[in-house]
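Reader: I have not seen this structure before. Please take me through the terms used for it and tell me what each one rests on.

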Amino acid sequence: MATIDFKGTCIELNEEGFLVDPGIWNEELALVLAKHEEGLEELTEEHWAVIKYIRSYFEEKQSAPMVRAVCKGSGIRLQQIYDLFPSGPAKGACKLAGLPKPDGCV
Amino acid sequence: MSELDELEVKLKALTEAEIESGLDVFKSKLREAEVSYLNSCVHCGLCANSCHYNRAMPELENVPARKLEHIVSVFKSKFTTIGRIAPGLVGARPFNREMIRAWVDAVFGRCSLCGRCSINCTIGIPMPSLFRAARASLASMGLVPSDLQATVDNSLKYGNNMAIEKEEWVETVEWIEEELQAEVEDTEARLPLDKVGAKYLFTVNPREAKFFPLSLQASAKVFWAAKEDWTMASDAGWDLTNYGIFNCNDDQAGAIISNLTNAMERLKCKVLVIGECGHGYQSARWMGPEWLKKHFPYPVISFLELMYEYLEQGRLNVDPNKNTQLVTLHDPCNLVRHGGILEPQRRILRRVVNNFAEMTPYGHENYCCGGGGGQLSMGKYKSRRLKAGSVKASQISSSKAKIVATPCHNCVDQLMELNKEYSLKIQIKTVAELVANAIV
Amino acid sequence: MTYLDVFLCCLILATIVWAKCGLLFMWLRTKYFGKRKLFAAPAGTPCGGAIYAFTKGMMPWAKESVREHLLSYALGIAYHAGIFTALVVLVMYTVGSYWPAIRNIPAIFIYIIIPLLLIAGAIGGISLFIKRLLDATLRGISCPDDYISNFMATTFTALALASLIMQRLWVSRLWFVSAIILFAYIPFSKIRHCLFFFITRYNFGAFFGYRGCMPPNRDNGCKLF
């Protein structure tokens with residue numbers, strides 16, 4: 001079990017770097033996760049569009065959206081999502097949006 | 001509650017009766033072949049470095065013979081005369097909580113069921129068959145790691161392992177159809193759903209639908225170019241994955257494989273085509289008939305065989321100069337060592353890329369990427385999985401390839417993680433993606 | 001032959017029968033679990049896989065585990081060759097007393113080939129024993145039986161050599177005693193692999209042969225069209 005330092009408090013991450021408690025997510029935490037987990041120093045508007053869409057979907061449905069819905073909802077094209085998040089939509093974007101790790105071959 | 005605690009809590013709650021019935025389940029998985037395997041290990045230790053876990057992290061518990069010994073010692077103590085008379089002499093040990101913990105660690109925590117130890121075993125013990133029997137026993141005691149079990153439960157509940165709803169799947173297929181039409185500039189290009197009587201029923205990995213639809217688009221482009229009569233199911237029966245092969249609960253595995261057999265009956269297709277997926281192929285081609293205890297009245301083939309056939313028949317026009325970077329091939333264990341599909345993928349690649357190099361070793365001797373056996377879904381063992389993957393990572397960097405092709409989505413995901421972990425600077429593609437790119 | 005030698009020969013015969021019955025019992029116990037009925041359509045033949053498993057699949061270059069441990073492989077081969085030679089010599093010594101004709105083999109065997117095989121076997125056995133003691137991994141996967149089995153088989157092979165070279169009655173008697181102990185111990189020990197090796201390797205080849213995985217590298221793609 002890893003932890004990261006966030007404003008002086010320890011945030012628990014599971015073995016794969018996802019938030020143990022998705023409920024504590026906020027935008028500042030997303031920035032810390034971006035640096036710690038994806039090696040991204042800053043998040044552009046495009047990053048935020050994707051992350052915010054995924055987060056709002058998650059808060060409504062308690063699951064990760066299809067990448068189809070992410071493209072449609074955020075206005076970002078598919079290839080651009082892969083470019084923005086080197087670890088992909090699941091282990092990159094969903095992780096930064098504070099979601100738990102999706103099940104399956106990911 | 002952390003995963004480690006989860007196991008301890010479950011262990012503590014086990015009753016003696018449950019432990020006894022767990023042993024019965026183990027025994028029920030054995031036939032004369034497996035019992036002879038349990039009588040055969042001579043502890044020569046030559047298997048040690050055939051295992052990617054031990055190669056990356058040399059320690060006793062990573063040696064295949066040691067993992068096997070945990071199982072053999074229980075067999076000896078329960079089912080052999082000498083094991084009962086003189087347990088210390090032959091290393092017979094009782095099936096208690098401590099041993100169950102060792103089983104969980106050995107067969108879930110340090111094994112991807114890749115079978116590389118079997119072919120390197122002096123005797124020839126197919127160890128995964130025994131590790132599976134142990135996993136089945138642990139499954140019956142509720143000791144499957146929860147995230148692996150959750151993936152199985154998704155399939156049982158939703159008909160696919162990522163809990164994708166029907167409308168989400170259909171919408172994605174329609175979207176990819178539009179993308180394909182735009183790509184090939186043909187409004188007749190289709191991803192047909194539920195076409196009754198189609199020749200081929202094609203199946204995919206849900207991660208394609210959920211997160212990585214470009215590989216689905218590539219497969220569809222191959223079908224389009226070959227002018228094939230094919231379809232996919234809109235209801236359960238489009239997902240080729242079966243994590244029942246990993247939790248080794250044969251009833252659950254059988255229920256999941258029924259999604260495919262039911263779709264074949266419903267849609268009256270002639271051939272079941274398994275998309276690029278190692279465990280999906282082994283499940284449908286080899287294990288499915290055993291789980292359901294029935295012959296399948298139609299052939300089950302890999303999409304690789306079909307693509308190779310198209311190339312052979314001249315149904316695809318390809319230009320290898322479309323793929324100029326050096327490509328190497330990763331052989332999925334379930335497809336190659338356990339599936340027997342070894343040649344089609346390399347023959348395809350030699351035709352669609354102009355620069356292809358094998359890894360060392362390759363084919364049935366290839367190393368597991370580290371993500372097999374359900375490892376990818378067991379978060380608890382992630383750090384071991386990535387370290388064990390260092391063997392594959394160094395194989396890849398020695399190959400000097402810029403693109404690693406692999407006909408398995410599970411391997412793709414592990415290779416993506418290895419790419420990041422070991423800064424390999426490679427692209428990972430399915431075979432269909434390279435074929436689709438070469439189509440002219 | 002003295003009464004003592006006749007007695008020892010009878011004991012050898014009795015322990016051989018005992019060992020065979022023990023192995024037969026274990027084999028029947030295995031059979032009791034029944035054959036697995038297979039439903040998947042085969043892609044190859046169990047027989048083809050089994051033939052591969054016992055021939056090409058056992059060559060030193062066929063397996064990485066051997067390529068990386070050629071010395072251990074050579075010692076193992078030498079060890080097993082030595083044990084089988086010792087068994088042949090044992091038959092010559094015992095049965096030969098009553099049926100001298102079987103001792104009529106070319107001198108080159110008596111004076112060169114057999115002693116060399118026995119020396120190689122003893123060296124193999126001793127080396128593998130030492131390797132088991134020194135190598136931490138091997139020690140970790142070993143139980144007392146591994147040491148005892150090796151010790152008994154190595155002693156049996158070495159005493160065969162000693163009997164052949166020294167031609168002393170007491171050495172031969174000592175050798176007979178080692179044979180008696182060895183045979184009596186077989187059903188309890190890992191030496192039962194003298195039977196189960198063949199059963200396991202057949203099943204191994206048959207399993208992969210059925211699936212078309214063995215022999216490897218054969219063209220098993222596109223067989224359906």
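Reader: How many salt bridges are there between domain 2 of chain B and domain 3 of chain B?

Author: The model is a predicted one, and between these two domains of chain B the count is two salt bridges.

Reader: Why is the pair Glu228(B) and Arg315(B) called a salt bridge?

Author: The term asks for a side-chain nitrogen of Lys or Arg within 4 Å of a carboxyl oxygen of Asp or Glu. In Glu228(B) and Arg315(B) the closest N and O atoms are 3.1 Å apart. That value is within 4 Å, so the pair is called a salt bridge.

Reader: How much area is buried between domain 2 and domain 3 of chain B?

Author: About 2700 Å², with 60% of it from carbon and sulfur atoms. On the domain 2 side, Glu276(B), Leu304(B) and Tyr308(B) supply 25% of the area buried against domain 3, more than any other three residues.

Reader: Why is Thr261(B) called buried?

Author: Buried means under 20% relative accessible area. Thr261(B) has a relative accessible area of 2%, so Thr261(B) is buried. Thr261(B) has its place in helix α16 (residues 250-267) of chain B. Leaving aside residues up to four places away in sequence, Thr261(B) touches Leu292(B), Phe296(B) and Tyr298(B).

Reader: Now to the other chains. How many residues of chain B are in contact with chain C?

Author: In chain B, 74 residues are in contact with 65 residues of chain C. The area buried between these chains is about 5800 Å², and carbon and sulfur atoms give 57% of that. Glu32(B), Leu46(B) and Trp286(B) supply 12% of what chain B buries against chain C, more than any other three residues.

Reader: What makes Lys35(C) and Glu32(B) a salt bridge?

Author: The limit is 4 Å between a side-chain nitrogen of Lys or Arg and a carboxyl oxygen of Asp or Glu. Lys35(C) and Glu32(B) come to 3.9 Å, N to O, which is within the limit, so the pair counts. Between chain B and chain C the count is seven salt bridges. By class, the side of chain B that touches chain C has 33 nonpolar, 21 polar and 20 charged residues.

Reader: What about chain A: how many residues does each chain give to its contact with chain B?

Author: The contact takes 38 residues from chain B and 29 residues from chain A. The two chains bury about 2500 Å² between them, 58% of it given by carbon and sulfur atoms. In chain B, Trp175(B), Lys210(B) and Phe211(B) lose the most area to chain A, together 26% of what that side buries.

Reader: How do you know that Glu179(B) and Arg77(A) form a salt bridge?

Author: Their side chains meet at 3.8 Å, N to O. The cut-off is 4 Å, so this pair of Glu179(B) and Arg77(A) meets the rule. Across the interface of chain B and chain A the rule finds six salt bridges. There are also 13 residue pairs in polar contact.

Reader: Last, chain C itself. How many helices and strands are there in chain C?

Author: Chain C has nine helices and zero strands. The C-alpha trace of chain C spans about 75 × 40 × 40 Å along its principal axes. Of the 225 residues in chain C, 47% are buried.

Definitions and conventions
Residues numbered from 1 in each chain as written. Chains lettered and ligands numbered in written order. Predicted model: local features only at pLDDT ≥ 70, side-chain atom pairs only at ≥ 80, totals over all residues. Heavy atoms only, no water. Contact = heavy atoms within 4.5 Å. Buried area = accessible area lost by both parts, 1.4 Å probe. Nonpolar A, V, L, I, M, F, W, Y, C, P; charged D, E, K, R; others polar. Polar contact = N/O pair within 3.5 Å; in protein donor to acceptor, adjacent residues only side chain to side chain. Helix = DSSP H or I, 4+ residues; strand = E, 2+ residues; numbered from the N terminus. Buried < 20%, exposed > 50% of the residue type's maximum accessible area, 1.4 Å probe, protein only.
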